[in-house]
Amino acid sequence: MIIDCHGHYTTAPRQLDDYRRLQVAACDCVSRGEPYPAIADPSISDDEIRETLEKAQLRIQRERGTDLTIFSPKAVGMGHHIGDAQTSARWATVCNDLIHRICGLYPTKFAGVCQLPQSPGVAPANCIPELERCVKELGFVGCNLNPDPTGGYWKDPPLHDKWWYPLYEKMVELDVPAMIHVSGSCNPHFHATGAHYINGDTTAFMQFLTSKLFQDFPTLKFVIPHGGGAVPYHWGRYRGIAQDLGLPPLQELLLENVFFDTCVYHQPGIDLLLKVIPPENILFASETVGAVRGIDPTTGHHYDDTKRYIDAATQLSAADKAKIFEGNARRVYARLQA
Ligand SMILES: [Zn+2]
């Protein structure tokens with residue numbers, strides 16, 4: 001079985017965008033001191049959901065030979081920087097309910113991961129009710145955690161701050177991991193998927209390295225997507241920094257708790273990831289349909305067809321490939337077993 005641990009519902013019917021537009025307009029009303037207007041939830045039929053998936057995510061699963069996608073709302077659409085905590089709460093509920101309907105329509109093809117109702121300056125403890133609802137009532141297996149709800153300005157405390165601890169306690173209690181995942185960038189310095197995403201991944205890793213987070217939470221688990229940002233490429237730098245700080249080797253310090261996905265869109269990048277990071281810490285993923293949609297003229301295949309790169313990796317044993325394609329996802333997303 002092949003589990004893709006990183007997919008987003010980027011192809012949702014336009015009613016979802018229409019709803020969000022009304023919601024953003026409503027934030028403007030509130031900021032002008034007017035009452036929050038009533039907005040009806042988006043009306044989307046099961047057939048519309050099927051149509052948007054059949055021609056995109058499900059077609060890709062069939063064509064590439066993958067089985068199950070761990071599926072979450074569109075990451076760039078989370079927009080935690082927009083409006084206030086109430087805005088994020090309403091938006092997360094609508095997006096998560098849609099993912100729940102997808103998992104109900106295709107229970108063998110998708111498992112849900114939730115968007116959290118984060119908001120700049122608001123303690124992440126506010127996300128606990130939605131996380132509990134998604135895991136206990138909707139059967140979700142994890143969450144996406146935005147390390148920078150300000151959308152590129154990094155004004156909230158770092159991930160090792162006690163600010164985040166109540167949410168981590170709940171994740172541990174529920175036995176769900178978080179994928180570190182920023183949303184859109186409203187800082188013109190940072191292109192969303194090209195810079196902000198990769199910055200977020202790299203920054204989170206460094207925050208973990210310089211903290212006692214996993215002493216406090218020995219079973220807390222994070223997946224750093226996009227191959228871990230710059231981390232595998234600069235593994236020597238991070239090893240050296242840890243050594244200079246008198247910390248244990250990275251394997252001991254972080255690799256019981258931190259995992260990397262394979263959303264790296266060329267063979268040399270995947271080969272490096274596989275060479276540097278132990279196979280026990282790598283989860284197969286493609287992030288389809290997502291950041292890069294085109295075909296690589298040098299291979300004739302889609303950049304995001306990451307299964308080809310793992311298939312072609314000669315240094316991996318069959319047992320290691322099985323871990324990357326299935327075993328590690330089942331271990332990290334422990335609720336998948338249910
Ligand atoms: Zn993503």
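Two residues are taken to be in contact when their C-beta atoms, placed from the backbone, lie within 7 Å, and the contacts named in these legends come from a predicted model.

View 1. Leu273 lies in helix H11, which spans residues 267–276, and when residues up to four places away in sequence are left out, it touches Gly227, Pro232, Phe260, Thr262, Val264 and Ile282. Leu273 counts as buried because 24 other C-beta atoms are found within 10 Å, the cut-off being 20 or more. Between Leu273 and Gly227, which are 46 residues apart along the chain, the C-alpha atoms are separated by 6.9 Å.

**View 2. Crossing of helices H2 and H4.** Helix H2 (residues 46–54) and helix H4 (residues 85–105) have axes that come within 11 Å and cross at roughly 80°, which means that H2 is roughly perpendicular to H4. On the H2 side the contact is made by Asp46, Ile49, Arg50 and Leu53, and on the H4 side by Arg101, Ile102 and Leu105. Of the residues in this contact of H2 with H4, 4 are nonpolar and 3 are charged, while no polar residue takes part.

**View 3. The open sheet and the pairing of E2 with E3.** The sheet is open and is formed by 8 strands in the order E1-E2-E3-E4-E5-E6-E7-E8, with parallel pairing; strand E1 (3–9) and strand E8 (282–283) are the edge strands, each of which pairs on one side only. Within this sheet, strand E2 (residues 68–73) runs parallel to strand E3 (residues 110–115), and 3 bridges join the two. Phe71 has Gly112 as its bridge partner in E3.

Technical notes. Residues are numbered from 1 along each chain as its sequence is written. This is a predicted model: local features need pLDDT of at least 70, side-chain atom pairs count only at pLDDT 80 or more; totals for chains, interfaces and linings use all residues. Axes are lines fitted to C-alpha atoms, for helices over the stretch in contact, and angles run from 0 to 180 degrees between N-to-C directions. Helices (H or I, at least four residues) and strands (E, at least two) are DSSP runs, numbered from the N terminus. Angles under 35 degrees count as roughly parallel, over 145 as roughly antiparallel, 65 to 115 as roughly perpendicular and the rest as oblique. Ala, Val, Leu, Ile, Met, Phe, Trp, Tyr, Cys and Pro count as nonpolar, Asp, Glu, Lys and Arg as charged, and the others, Gly among them, as polar. Two strands pair if DSSP finds at least two bridges between them. A residue is buried if 20 or more other C-beta atoms lie within 10 Å of its own, exposed if 12 or fewer, and partly exposed in between; C-beta atoms are placed from the backbone.
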